[in-house]
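Work through the exercises below with the model open beside you. Try each task before you read its solution.

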Amino acid sequence: MTPHWISRPEAIRRLWIAFGLILAATVLAELATHRHAAIGIDAVFGFHAWFGFGACVALVLLARLLGFALKRRDDFYER
Amino acid sequence: MSAELLLAPAGALLLGAGLLSVVDGRARQAVLLGAPIIALWLVWQADGSAAPLRYMDLLLTPVRADRLSRWFGTIFAFAAFAAGLFALGQKSRLELVASQAYAGAALGVVFAGDLVTLLVFWEAMAIASTLVIWSAGSQARAAGLRYLLVHLLGGTVLMVGIAGHFAATGQAAFDALGPEAPFRWVILAGVLLNAGAPPLSAWLPDAYPRASYSGMVVLSAFTTKTAVYVLLRAFPGEPLLVWIGLFMAFYGIVYAILENDMRRILAYSIVNQVGFMVAGIGIGTELALNGAASHAFAHILYKALLLMSAGSVLAMTGRSRCTELGGLFQSMPVTTTCGIVGALSISAFPLTSGFVTKSMISDAAAMEGLSLVWLLLAAGSAGVFLHAGIKFPWFVFFQKDSGLRPPDPPPPMRAAMVLVSLPCIGIGVLPEPFYAFLPYNAGFVPYSGGHVIGQLQLLLFSGLAFFLLLGLLKRTETITLDTDWVYRRLGPALAARLVPIVARTWSGTESTLTRLAGRGLNALAFSYRSGSLARTRESGTVALIAIAALTLYLIVGYLSAMR
């Protein structure tokens, strides 16, 4: 069957470009909004962007680490 | 008095469950959808305390209605209706009967004015929900038994707490249990077990995904959220709950990241979301409590929606592992769209229900000066998008094409998904009417420029992390060990070892014992006449000894049957 247009390489490249533009826009929009910091550190420019990104990277790495110790084949309890 | 009891909101669903066990065809569908509508109407008729009755030394208040109980009653009745619509084609009568009884019992807890009524409905929920799991067939039997045992344990702990509290205070009223209330920790432990709190949270991802495509929708709505309700009423502002809640939030994320089965991913994410609510209850200001109550409301909607979407995929393909799915957006547009609406709502995207509810909890943390809690809540929110917001729709509906082309499910299931999608968006777009009914008096303005931009940054950069780390997130055909390993592997293994040892020791000592028994009987006969056994003991002590012996016997029995 023919692949859906969305899974063609050039479409994926365009989606990435659009995604990058949206990301940049959300950070730049911070310049145009008045915001008051909730706890202080979040007044740093682009705080939510880098904090969200960093939190996710940390969580994925933590999960990988835990996975090394606790992952089993999915028929572990049936065997 | 009895007329008042019949008009209790729980009554409509319990009566409906009874009817469902005998009627068929159109009448069955009418009861399935009609009983929740009547229950919803009764939720709004109930006001104040009604139907007080005296049972032995107890003054019971089977029905007590206020803003908090009506808040939860409303969403429970709506969830029962939506789940009934989704299950309209469900062939298992047992599942439908048990589901409606389960929803009724949940309403019973929510409108209970005293701890004894609460306990009765609490146990009824455990039994009814076990039947929902078991109705899915033989593959659900073992997990259902484990689920039942864990909940009977939790129910017993709760009963000990309530009995102790009553013995010490002579009061059975179900109100806030302050720091000095006797047995409050025992009651708290019993309630937390149902919330999916550590260390026994594994019952949830173990059992719920064994239910049928429609059964898990029902299960997701009631047990954990009645626990949230009881925590809101009895333990607001208990500081320990902040940390228990945060632990649950991160536990859910990490385990969901590692999980392959789509419905187990969503099960872990229930623990994650309830974690936010529990943390909010721990913060304890009126804003935080409103946040927890409204997040429970919103969560019941979007989690039901996500599980309907996953249930549709399961019903149409028979598969639920991410490694066997993908590319379904091409043939299941309604299921995909509704799944994405649920995913955006759970991630708290602006203009969805999750955004206008979860922000209250974070803001309350900031207002109380709890900077670390605020940061952890923000990290948790980023993690929600990672493990549920993108992971679920991406691996099920997109990623690489599995070649499967199942159609969307039959009309009632599609209708149920659309019905639940509407408030997920509606509450997010127009929060004011929703806020007007909030149980506590704290106003909130969710939409400010800074709030929206901050949340968009947080979520979209989490999305960036997801796609950049896709290699590390690739699904494998694995499960992740949890604390249930203790009673699924360690316990049975120990019991299996113990049996031959006991048998050997027994046969060796049997002859000795027979000899000793002769002498013992003589001594016994003597003590019955004039020795220690002739003394009257307090019946409480005797009961305690009997309970201890029976408990020991049960534990060994369960462990050897657990495998």
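## Exercise 1: Domains of chain B

The centres of domain 1 and domain 2 of chain B, taken over C-alpha atoms, lie 24 Å apart. This is a predicted model.

**Task.** State the domain bounds of chain B, then describe the contact between domain 1 and domain 2 of chain B.

**Solution.** 
1. Start with the bounds. The domain assignment of chain B gives domain 1 (1-234), domain 2 (236-482) and domain 3 (485-561).
2. Count each side of the contact. Domain 1 of chain B gives 34 residues, and domain 2 of chain B gives 40 residues.
3. Find the elements on the side of domain 1. Those of chain B that give two or more residues are α4 (67-86), α8 (184-195), α9 (203-207) and α10 (215-234).
4. Sort the residues on that side of domain 1 of chain B. They divide into 26 nonpolar, six polar and two charged.

## Exercise 2: Where chain A touches chain B

**Task.** Which elements of chain A give two or more residues to the side that touches chain B?

**Solution.** 
1. Take the totals. In chain A, 38 residues are in contact with 38 residues of chain B.
2. List the elements. They are α1 (9-32), α2 and β1 (71-73) of chain A.
3. Pick out the main contributor. α2(A) supplies the largest share of this side, 16 residues.
4. Sort by type. The side of chain A that touches chain B has 21 nonpolar, 10 polar and seven charged residues.
5. Turn to the strand. β1(A) is joined by three bridges to strand β5 (residues 478-480) of chain B, and the two run antiparallel.
6. Locate a facing pair. Ile479(B) in β5(B) stands opposite Arg72(A).

## Exercise 3: A helix pair across the chains

**Task.** Describe how helix α2 (residues 47-70) of chain A packs with helix α19 (residues 449-468) of chain B.

**Solution.** 
1. Two packed helices are described by the angle between their axes and the distance between the axes.
2. Read them off. For α2 of chain A and α19 of chain B, the angle is about 40 degrees, and the axes are 7 Å apart.
3. The crossing of α2(A) and α19(B) is right-handed.
4. Name residues. From α2(A), those that meet α19(B) include His48(A), Gly52(A), Phe53(A) and Val57(A). On α19(B), Gly454(B), Leu458(B), Phe461(B) and Ala465(B) are among them.
5. Sort by type. The residues of this contact of α2(A) with α19(B) comprise 10 nonpolar, five polar and no charged.

## Exercise 4: Backbone features in loops of chain B

**Task.** Is Ala348(B) buried or exposed? Which value does phi of Gln399(B) lie near? Where is Pro199(B)?

**Solution.** 
1. Apply the cut-off to Ala348(B). A residue is buried if 20 or more other C-beta atoms lie within 10 Å of its own. Ala348(B) is buried because 28 do.
2. Go to Gln399(B). The loop between α16 and α17 of chain B holds Gln399(B), and its phi is near 40 degrees. With 19 C-beta neighbours inside 10 Å, Gln399(B) counts as partly exposed.
3. Finish with Pro199(B). Pro199(B) sits in the loop between α8 and α9 of chain B. The peptide bond from Pro198(B) to Pro199(B) is cis, with omega near 5 degrees.

Methods
Residues are numbered from 1 along each chain as its sequence is written. Chains are lettered from A and ligands numbered from 1 in the order in which they are written. This is a predicted model: local features need pLDDT of at least 70, side-chain atom pairs count only at pLDDT 80 or more; totals for chains, interfaces and linings use all residues. Axes are lines fitted to C-alpha atoms, for helices over the stretch in contact, and angles run from 0 to 180 degrees between N-to-C directions. Helices (H or I, at least four residues) and strands (E, at least two) are DSSP runs, numbered from the N terminus. A crossing is left-handed if the near helix is turned anticlockwise from the far one by less than a right angle, and right-handed if clockwise. Two residues are in contact if their C-beta atoms, placed from the backbone, lie within 7 Å. Ala, Val, Leu, Ile, Met, Phe, Trp, Tyr, Cys and Pro count as nonpolar, Asp, Glu, Lys and Arg as charged, and the others, Gly among them, as polar. Two strands pair if DSSP finds at least two bridges between them. Domain bounds come from an automatic or database domain assignment. A residue is buried if 20 or more other C-beta atoms lie within 10 Å of its own, exposed if 12 or fewer, and partly exposed in between; C-beta atoms are placed from the backbone.
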